[in-house]
Amino acid sequence: PYKTVADVIASAKAQPGRLSVATPGNGSINQIVLEWMALNTDTKFQHIPYKRGAPAAAALAGGDAPRGILASSSVAPPVQAGATRSD
């Protein structure tokens, strides 16, 4: 339902702490970005830490995690796999 970061922020303001966001783990730069975004927009997110980027990307691609803050190197393989599927 989100097309922009502004859409996510608006939803987070309407539902504090209810929007789940996956990252590659506690203390990762990705979690810091998430917390920075929350602090600077007066919002709160539900952090879902994974062990590294690949599992977080797989969870995001598989629908187990609804949103994520990930490096492009973690996201590229699932995106490329989806782009080459024939179904």
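Val8, Ile9, Ser11 and Ala12 of helix H1 are buried, where buried means under 20% relative accessible area, exposed means over 50%, and partly exposed lies in between (1.4 Å probe, protein chains only). Seen down the axis of H1, these buried residues fall within an arc of 165°, so they line one face of the helix; the arc is that of the directions from the helix axis to the C-beta atoms. This is a predicted model, in which local features need pLDDT of at least 70, side-chain atom pairs count only at pLDDT 80 or more, and totals for chains, interfaces and linings use all residues. Residues are numbered from 1 along each chain as its sequence is written, and side-chain values use heavy atoms, with hydrogens and water left out.

**Overall layout**

- The chain holds 4 helices and 2 strands; helices (H or I, at least four residues) and strands (E, at least two) are DSSP runs numbered from the N terminus.
- Along the sequence the pattern is α-β-α-β-α-α.
- Of the 87 residues, 34% count as buried.
- Among contacts in the chain with a separation of 6 or more, 60% come from residues 24 or more positions apart; contact means heavy atoms within 4.5 Å.

**Helix H1**

- Helix H1 covers residues 5-14, and the cover over its buried residues includes H2.
- The face of H1 turned away from the buried side carries the exposed residues Ala6 and Ala14.
- Ala6 has a relative accessible area of 53% and is therefore exposed.
- At the start of H1, a side-chain oxygen of Thr4 comes to within 3.3 Å of the backbone nitrogen of Ala6. A polar contact is a pair of N or O atoms within 3.5 Å; within protein, one must be able to donate a hydrogen and the other to accept it, and residues adjacent in sequence count only if both atoms are side-chain atoms.
- Ala6 and Thr41 are separated by 35 residues in sequence and by 9.9 Å in space, C-alpha to C-alpha.

- S1 pairs with strand S2 (residues 46-49) in the parallel sense over 4 bridges; two strands pair if DSSP finds at least two bridges between them.
- The bridge partner of Ser20 in S2 is Gln46.
- S1, helix H2 (residues 29-41) and S2 make a right-handed β-α-β unit. A crossover is right-handed if, with the strands pointing away from the viewer, the path from the first strand over the helix to the second runs clockwise.

**Helix H2**

- The 13 residues of H2 should span 18 Å at 1.5 Å a residue, and the end C-alpha atoms are 18 Å apart, which agrees; the expected span is 1.5 Å times one less than the number of residues.
- Asn30, Gln31, Leu34, Met37, Ala38 and Thr41 are the buried residues in H2. They cover an arc of only 120° around the axis, which puts them on the same side of H2.
- What covers these buried residues includes H1, S1 and S2.
- Ile29, Trp36, Leu39 and Asn40 are exposed on the face of H2 turned away from its buried side.

**Gln31**

- Gln31 sits in helix H2 and is buried because its relative accessible area is 15%.
- The side chain of Gln31 reaches the backbone nitrogen of Gly27 at 2.6 Å.
- Leaving aside neighbours within four places in sequence, Gln31 is in contact with Thr23, Gly25, Asn26 and His47.

**Helix H3**

- In helix H3 (residues 53-62), Gly53, Ala56, Ala57 and Ala59 are buried. Viewed down the axis of H3, the buried residues fall within an arc of 160°, so they line one face of the helix.
- Ala54, Ala61 and Gly62 are exposed on the other side of H3.

**Positive phi values**

- Asp42 follows H2 and lies in the loop between H2 and S2. Phi of Asp42 is near 55°, a positive value in a residue other than glycine.
- Asp42 is exposed, with a relative accessible area of 70%.
- Arg52 lies in the loop between S2 and H3, and its phi is near 90°, again positive in a residue other than glycine.
- Arg52 is exposed, with a relative accessible area of 65%.
- Gly63, which follows H3, has a positive phi near 85°.
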